[in-house]
Amino acid sequence: PFEREQYWRSPYCDVGWVQVTKSPVLDELGECIGIIGVARDVTARRATQEALRASERYFNALFVESIDAMLTFALPPQGPPGGFIDMNPAAERLLGRSREQLLQMQPADILPELGADALQALAERLRQDGHLRAELRVDAGDETRIPIDVSVTLVLQRDDGTHVAMA
């Protein structure tokens with residue numbers, strides 16, 4: 001069978017997209033004696049896919065072009081925050097580290113003045129409330145401590161119960 005999507009205009013001047021599937025009709029000798037085809041209207045699906053792509057481009061631009069540092073990290077159901085998942089260029093500049101370096105780290109690595117108990121307390125508050133604000137000092141990569149006002153929000157829960165948090 002042959003299958004493709006193509007632009008379509010009806011006799012009534014409606015326009016859209018159809019998914020066309022065609023298959024040869026063979027006689028008893030295997031010779032093609034015709035074609036059978038089905039066309040299915042996929043206009044709505046294509047419009048939804050394009051809207052999703054446009055939305056992804058928009059939110060990616062907000063994340064990448066923001067002058068505010070943004071990082072996402074894993075927050076398991078218990079225990080301290082896990083590793084960084086993603087970050088924007090502003091976070092790389094603020095923290096004085098490359099994306100590759102930050103992807104090998106977790107929040108505890110950039111918050112050296114915050115002890116394990118204090119970090120655990122913040123993680124528990126985040127799990128309970130879904131968000132938190134705090135004034136902290138981060139390590140800028142060269143041992144310089146930079147004061148920041150951070151807002152952290154849980155943005156997604158994975159199938160394994162781990163949350164993704166965005167700071």
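Two strands count as paired if DSSP finds at least two bridges between them, and strands (E, at least two residues) and helices (H or I, at least four residues) are DSSP runs numbered from the N terminus. This is a predicted model, in which local features need pLDDT of at least 70 and side-chain atom pairs count only at pLDDT 80 or more, while totals for chains, interfaces and linings use all residues. Residues are numbered from 1 along each chain as its sequence is written, and side-chain values use heavy atoms, with hydrogens and water left out.

**View 1. Strands β4 and β8 are joined in antiparallel fashion.** Four bridges connect β4 (residues 71–75) with β8 (residues 163–166), and within this pair Thr72 stands opposite Met166 of β8.

**View 2. Five strands make an open, antiparallel sheet in the order β5-β4-β8-β7-β6.** At its edges lie β5 (84–87) and β6 (131–139), each of which pairs on one side only. From one strand to the next the twist averages 30°, where axes are lines fitted to C-alpha atoms, for helices over the stretch in contact, and angles run from 0 to 180 degrees between N-to-C directions. Helix α5 (residues 116–129) packs on this sheet and touches β4, β6, β7 (145–157) and β8, contact meaning heavy atoms within 4.5 Å; the direction of α5 makes about 150° with that of β6.

**View 3. Three strands form another open sheet, in the order β1-β2-β3 and with antiparallel pairing.** The edge strands here are β1 (2–9) and β3 (32–41), each pairing on one side only. Eight bridges join β1 to β2 (residues 15–26), with Tyr7 having Trp17 as its bridge partner in β2 and Phe2 standing opposite Lys22. Nine bridges join β2 to β3, and there Thr21 has Val38 of β3 as its bridge partner. Helix α1 (residues 43–65) lies across β1, β2 and β3, running at about 125° to β2.

**View 4. Val25 lies in strand β2.** Val25 counts as partly exposed because its relative accessibility is 32%, whereas buried means under 20% relative accessible area and exposed means over 50%, with partly exposed in between (1.4 Å probe, protein chains only).
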